[in-house]
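Here are my notes on this one, as numbered points you can check against the coordinates.

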Amino acid sequence: MRPALHAPELRAAAQHIGRRRFLTVTGAAAALAFAVNLPGSAHAAELDAKKITEDPFTLGVASGDPQPGSVLLWTRLATRPYEPDSGLPRARIPLRWEIAHDSRFSRIARRGSVTAHPEFHHSVHVEVAGLGHDRPYYYRFRAGTWISPTGRTRTAPARSARISELKLAAVSCQAYHDGYFTAYKHLAEEELDAVFHLGDYLYEYAVNAVGGARAYTDQRLPAHYNHETLTLEDYRLRYGLYKSDPDLKAAHAAHPFVLTWDDHETENNYAGDIPENDVPPEEFLLRRAAAYRAYWENQPLRRPQQPEGHDMQLYRRLHFGRLAQFDILDTRQYRSDQAYGDGWQVPGPESENPARTLTGAAQERWLLDGWKSSRARWNVVPQQVTFAQRRDVPTGTFKLSMDAWDGYPASRERVLAGAAAAGIENLMVLTGDVHVGYGFDLKKDFNDPASRTIGTEIVATSISSGKDGADKPANWDNLTKANPHLKFYNGRRGYVTVTLGEQQARADFRTVGAVTRPGAPITTVASFVTEAGNPGLEPV
C-alpha cells in the first residue's frame with residue numbers, strides 16, 4: 001500500500017496532540033480543522049454563480065431522513081467531478097433551492113438560499129421544515145443560470161398518525177469496479193416511501209482505467225482512481241466517480257434515502273479505531289477522519305450526523321406514524337476487534353466473551369431505551385452485518401463469521417433480551433454486507449431449531465459487489481442444511497422491497513441477471529410474508 005499523503009498540517013497536529021487526545025472529539029476536530037478548515041475560516045471570496053460556464057450539477061440531487069413535515073435536501077457542485085477540485089475555484093458559491101407540490105413548480109411550498117463552501121467541497125445540506133406530513137414533494141437547486149435535475153421526495157407521517165402501509169427498499173454494497181448499477185435504474189421506477197442503504201456505498205479499492213468489470217470501451221478513467229483511497233482528496237474523488245453514475249443519480253432523485261455505512265466507506269473490516277492493516281493508530285484515525293468527512297459531504301444527512309474529526313454519530317431513529325419505528329445502527333465505529341484474527345473461525349472463549357460489543361455500550365443503551373418507549377406496530381433495525389446465526393457446514397464442528405453478530409454473540413443476546421423485555425412483538429432486522437439475499441427467522445435459541453421464532457431478518461443482496469453472482473452460490477447446500485432458520489438464499493445482484501402493513505409485512509427479493517454488462521432486466525425471484533404478532537417467514 002502506498003503511504004498516505006495526508007495534509008502536513010493535519011499530520012503535524014495529530015502527532016502533536018498524541019493518540020490519547022486524538023481519541024477525544026475536541027482533539028480530532030481540531031486536528032482536522034488544521035487541514036480543511038471550517039466554513040468561513042479561510043475567508044474565501046464569493047464566486048458570481050453566473051460566471052459558471054459548465055453544468056455544476058453533474059452529481060445530481062438527493063434527499064434523505066424524512067421526518068413529519070421535514071426533509072433534508074442535498075447536492076454538491078462539481079463541473080468536472082473527476083478532478084480534485086471538481087472544476088471549481090476555492091470560493092463560496094450561492095445557491096437557491098425550492099420545493100414544490102408539483103413537478104412543474106407551479107405551487108411552491110418553500111424556497112430559500114444556501115451557500116456551498118469550498119471547505120465542504122461545495123456540498124450543501126438543506127433541512128426544510130414547515131411542510132405537510134406524509135406528502136410527496138419535488139425539489140431543485142439553482143446556481144446562476146444553471147438548474148439542477150428535479151428530485152422527488154416525501155415527508156414522513158405524523159408520529160401519531162395511523163397509516164395502513166409503508167413500502168421501502170433495502171440496498172447495499174455497490175462496488176463500482178465489479179459492475180454496473182443496473183439495479184438502481186429499476187429501483188428508481190419503483191413506488192416507494194424511502195430507500196434504506198445499509199452500507200458499502202463506495203469501496204476503497206483501486207478502479208482501473210476501464211472501470212474494472214465494467215470494461216469501458218468509450219472512456220478511460222483518470223489514473224488517480226487506480227489506487228486505494230487513503231486521504232481526504234482520495235475519498236472525495238471516489239465519491240465523484242460513484243455519484244456520476246446515471247443509475248445511482250436516478251435512484252437518489254426518485255426517493256429519499258436513509259443511509260448508514262459499513263466498512264468499505266473507510267477500510268475493509270476495520271473495528272472501531274483498529275485498522276485492518278498494521279499501521280500506527282494515529283495514521284488510521286487520520287484516514288478515518290478523512291473518510292467520515294467525505295461521507296458527510298456526499299450524503300443527504302442532517303446536521304446531528306456532521307462529523308467531528310474522526311467521530312460521527314450515525315445511529316439515529318426515525319418514525320413513520322404508528323406503523324413503524326426505525327432504529328438505524330452503526331456496527332462499525334464502536335465495535336470490539338474481531339475475535340481470532342477475523343474471518344470464519346470456530347467459536348470459542350474469545351468470541352463468546354460477554355464483554356465484547358458490536359454496537360458499543362452507549363448505542364446499545366440507546367437502542368434498548370428506544371424500544372421501551374416504542375408504540376410502533378413494527379420495530380425495524382436497519383444495520384450492516386448478518387444478525388442471525390450462520391453456520392458454514394451442517395456438522396458438529398462448524399465455523400462462524402467473526403465480523404458478523406456471530407462473532408459477538410453476547411452482544412446479540414443482550415439486544416434480543418432487550419427486545420423481549422420491552423415487549424417488542426414485531427422485530428425486523430434489515431442487513432447488507434454479504435452480497436447475497438437471505439431471509440432468516442430469528443430464534444430465541446439458534447442452537448435449537450425448535451426454539452421460538454422472535455423476529456425476522458431480511459438481508460439485501462449487493463447492487464454490484466461480487467459481479468454477476470449466481471442463483472445458488474457454491475455454499476448454498478451447506479448453508480441451507482446447516483441453518484434451518486434460513487428460509488431463502490440467492491446470490492444474484494439487486495435489492496429487496498419490504499411492504500409493512502397492520503396485519504403483515506411482505507418482502508420481495510428483486511434481482512438482475514448480470515451487472516458486468518448494462519441493461520439487464522429485473523425479476524422478483526421470491527416473496528415472503530410474516531404476520532404481525534406471529535413472526536416467521538412464509539413463502540407467498
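**Notes on the model**

1. Starting with the fold elements: the protein's secondary structure comes to 9 helices and 24 strands. Here helices (H or I, at least four residues) and strands (E, at least two) are DSSP runs, numbered from the N terminus. Bear in mind that this is a predicted model, where local features need pLDDT of at least 70, side-chain atom pairs count only at pLDDT 80 or more, and totals for chains, interfaces and linings use all residues. Residues are numbered from 1 along each chain as its sequence is written, and side-chain values use heavy atoms, with hydrogens and water left out.

2. On overall shape, a compact globule of 540 residues would have a radius of gyration near 24 Å, and the protein agrees with its 23 Å. That radius is taken over C-alpha atoms, and the globule rule is 2.2 Å times the number of residues to the power 0.38. Along the principal axes, the C-alpha atoms fill a box of roughly 70 × 55 × 50 Å.

3. Of the 540 residues, 61% count as buried, where buried means under 20% relative accessible area, exposed over 50%, and partly exposed in between (1.4 Å probe, protein chains only). Take contacts (heavy atoms within 4.5 Å) between residues at least 6 apart in sequence: 70% of them join residues at least 24 apart. The accessible surface, by the Shrake-Rupley method with a 1.4 Å probe, comes to about 20,400 Å², of which 48% belongs to carbon and sulfur atoms.

4. Helix 4 deserves a look. It is largely enclosed by the rest of the structure, because 10 of its 11 residues are buried. Among them are Asp234, Arg236 and Arg238, along with Tyr235, Tyr239 and Tyr242.

5. Now the charges. There are 63 positive and 64 negative side chains, and the centres of the two sets lie 5 Å apart. Lys and Arg count as positive and Asp and Glu as negative, while His and the chain ends are not counted; each charge is placed at NZ of Lys, CZ of Arg, CG of Asp or CD of Glu.

6. How many salt bridges does the model have? The count comes to 30, taking a salt bridge as a side-chain nitrogen of Lys or Arg within 4 Å of a carboxyl oxygen of Asp or Glu. One network of salt bridges links Glu98, Arg111, Arg140 and Arg142.

7. Arginine 287 pairs with glutamate 228, with the closest N and O atoms 2.8 Å apart. Arginine 287 is buried at 5% relative accessibility. Arginine 288 forms a salt bridge with aspartate 311, the closest N and O atoms being 3.3 Å apart. That pair links helix 6 to the loop between helix 6 and strand 12 (316-320), 23 residues apart. Both partners are buried, arginine 288 at 3% and aspartate 311 at 18%.

8. Arginine 377 and glutamate 502 make another salt bridge, with closest N and O atoms 3.6 Å apart. Arginine 377 is in the loop between helix 7 (361-372) and strand 15 (378-382), and glutamate 502 in the loop between strand 21 (486-501) and strand 22 (504-512), so this pair ties together parts 125 residues apart in sequence. Arginine 377 is partly exposed at 31%, and glutamate 502 is partly exposed at 30%.

9. Aspartate 342 is one to inspect. It lies in the loop between strand 13 (324-328) and strand 14 (344-345). Aspartate 342 is buried yet has no salt bridge, and arginine 335, the nearest side chain of opposite charge, is 6.3 Å away. Leaving out residues up to four places away in sequence, aspartate 342 touches Asn269, Met402 and Asp403.

10. Finally, two backbone points. Phenylalanine 105 is not a glycine but has a positive phi of about 60 degrees; it lies in the loop between strand 3 (93-100) and strand 4 (108-116) and is buried at 8% relative accessibility. Histidine 121 also has a positive phi, near 55 degrees. Histidine 121 lies in the loop between strand 4 and strand 5 (123-128) and is buried at 7%.
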